[in-house]
Amino acid sequence: MKKVGTAIFLLSLALLMQASEKLLLLAEDGFHEFLKQDFHRLALTVSQKYDCKLSSVPEKEVQPVLRISSRKESGNYTSVLFAVRGHLFFVNGTNPVEGLTSEDLKQIFSGSFRKWKRTSVPLRQICYSGDEKIVPKDLVKGSVPWIRFSDPYYALQMVSSDISALGIISLVNADLSVKGTRVLPVDGVAATPQTVMSGTYPGAVRYYLSIRKDAPPEVQEICKKLRSKETKLKLLKAGILPAVEGD
């Protein structure tokens, strides 16, 4: 009996030593949600060969086998544009403001933007639709209130009746227009399919899907699935623009 126990221990130790290479799938900024189900399947498939891990935070000295991030990989990786996440900024049609700057955006999303710069118009409310995570944390007393609308149309309706309001909606709703509102350019760049996908529109962040060239076949299959029509529909439902083939 003792010999059997020793044999089992040695076999377990051998398997652990065999699974010494960490197979890290890195999906930053919430994109790990799109990998969860496939990751569990992968972990069961290759657990005897690798120490599998799904993370949204980079690890020191660990080269991810698959990565979704705003950083485009090179060298030992094949990297393609995966998705674009960003916003459109609407104002009342009578608001004299000409546009926003990248610095203005930083202040808006930090809660320190108080008035329409280069005008005499105050900023009294921010009407937004989409992920609540965009609201600045710990807004101090006196900060401009953020009001969430379940439908972007209603957010823009509010803007159409208030010269002091700012409307923020996802790029996914770029075809939405409401009479009495207009979209502001950022750093002088208008949000168009070309400027958004090329990365020149400052109101958007591009994310890349990168896979190591020596990735196991099981990971390569996950990569193919992430570029499928099914995943693109899931991205749209989550308020994220999937990349267009060829970008």
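Is Glu59 buried, partly exposed or exposed? Select Glu59 and you will find a partly exposed residue, with a relative accessible area of 22% (buried means under 20% relative accessible area, exposed over 50%, partly exposed in between, with a 1.4 Å probe and protein chains only).

Before going on, note that this is a predicted model, in which local features need pLDDT of at least 70, side-chain atom pairs count only at pLDDT 80 or more, and totals for chains, interfaces and linings use all residues. Residues are numbered from 1 along each chain as its sequence is written, and side-chain values use heavy atoms, with hydrogens and water left out.

**Stop 1: charged pairs**

Side chains of opposite charge can pair when their charged atoms come close. By this rule the model has twelve salt bridges.

Next, select Glu73 and Arg71, another salt bridge, whose closest N and O atoms are 3.3 Å apart. Glu73 is buried, with a relative accessible area of 10%, while Arg71 is partly exposed at 47%.

Now move to Lys117 and Asp104, where the closest N and O atoms of the salt bridge are 3.4 Å apart. Lys117 sits in the loop between helix H3 (102–108) and strand E5 (125–128), and Asp104 in helix H3, so the pair ties together parts that are 13 residues apart in sequence. Helices (H or I, at least four residues) and strands (E, at least two) are DSSP runs, numbered from the N terminus. Asp104 is buried at 2% relative accessibility, whereas Lys117 is partly exposed at 24%.

To finish this stop, select Glu28, Arg67, Arg71 and Glu73 together: salt bridges that share partners join these residues into one network.

**Stop 2: positive phi values**

Go to Asp29, in the loop between strand E1 (22–27) and helix H2 (36–46). Its phi is positive, about 55 degrees, although Asp29 is not a glycine. Asp29 is partly exposed, with a relative accessible area of 46%.

Then pick Arg118, in the loop between H3 and E5. Arg118 is another residue other than glycine with a positive phi, near 65 degrees, and it is exposed, with a relative accessible area of 61%.

**Stop 3: helix H6**

Which residues are buried in helix H6 (residues 217–226)? Select Val219, Ile222, Cys223 and Leu226. They cover an arc of only 100 degrees around the axis, which puts them on the same side of H6 (the arc is that of the directions from the helix axis to the C-beta atoms). The face turned away from this buried side carries the exposed residues Pro217 and Lys224.

**Stop 4: a cavity**

Rolling a probe the size of a water molecule over the atoms shows where empty space is left. On a 1 Å grid over the protein atoms alone, a cavity is a set of points where a 1.4 Å probe fits but cannot get out, and lining residues have an atom within 4 Å of a point. To view the lining of the largest cavity, select Gln107, Ile108, Gly111, Ser112, Phe113, Ile126, Leu139, Ser143, Val144 and Trp146.

How values were computed: Salt bridge = Lys/Arg side-chain N within 4 Å of Asp/Glu carboxyl O. 1 Å grid on protein atoms, 1.4 Å probe; cavity = no way out; pocket = protein on both sides within 12 Å on 5 of 7 lines; lining within 4 Å.
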